[in-house]
Amino acid sequence: MNLTIVLGASPNSDRFSNKAVRSLVRHGKPVAAVGYRSGEVAGINIQTGKPMIEDVHTITVYMSPEHQKDYYDYMLSLHPQRIIFNPGAENPEFYIICRERDIKVIEDCTLILLNSGTF
């Protein structure tokens, strides 16, 4: 299935994580949303906590590095092929851990990647 998880998803339509979920849906990409608060974006329920999700290809991160620390083990347990760190989520400390596990690290904007056809 090659699912993309938006980590840090928000029901607030002004947030970039919300725009990312909507853009992924619009581009026909299978998506799951995980955030601090439950809600719904473009027909996708925002799951809270650290739900076990299968067939994860990409995690696109919309959390500050400080908040990511609590999610390191969670992200690694999903065995993604790549993790996209959006602006404001850059985390060189975690990049090292990801690369040691052969997870591709990308510093970029998911919205730009989708709109340019390079996602």
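Biologist: Before we start, what are the ground rules?

Modeller: It's a predicted model, so local features need pLDDT of at least 70 and side-chain atom pairs count only at pLDDT 80 or more, while totals for chains, interfaces and linings use all residues. Residues are numbered from 1 along each chain as its sequence is written, and side-chain values use heavy atoms, with hydrogens and water left out.

Biologist: OK, how many disulfides are there?

Modeller: A disulfide is a pair of cysteine sulfur atoms within 2.5 Å. Here the count is zero. C98 is in no disulfide, as the nearest cysteine sulfur, in C109, sits 19 Å away.

Biologist: How many salt bridges does the search find?

Modeller: You look for a side-chain nitrogen of Lys or Arg within 4 Å of a carboxyl oxygen of Asp or Glu. The whole structure has one salt bridge. K69 pairs with E93, with their closest N and O atoms 2.9 Å apart.

Biologist: Which parts does that pair tie together?

Modeller: K69 lies in the loop between α2 (65-68) and α3 (72-77), and E93 in helix α4 (residues 92-100), so the pair links parts 24 residues apart in sequence. Helices here are DSSP runs (H or I, at least four residues), numbered from the N terminus.

Biologist: How accessible are K69 and E93?

Modeller: K69 is partly exposed at 45% relative accessibility, and E93 is partly exposed at 42%.

Technical notes
Helix = DSSP H or I, 4+ residues; strand = E, 2+ residues; numbered from the N terminus. Buried < 20%, exposed > 50% of the residue type's maximum accessible area, 1.4 Å probe, protein only.
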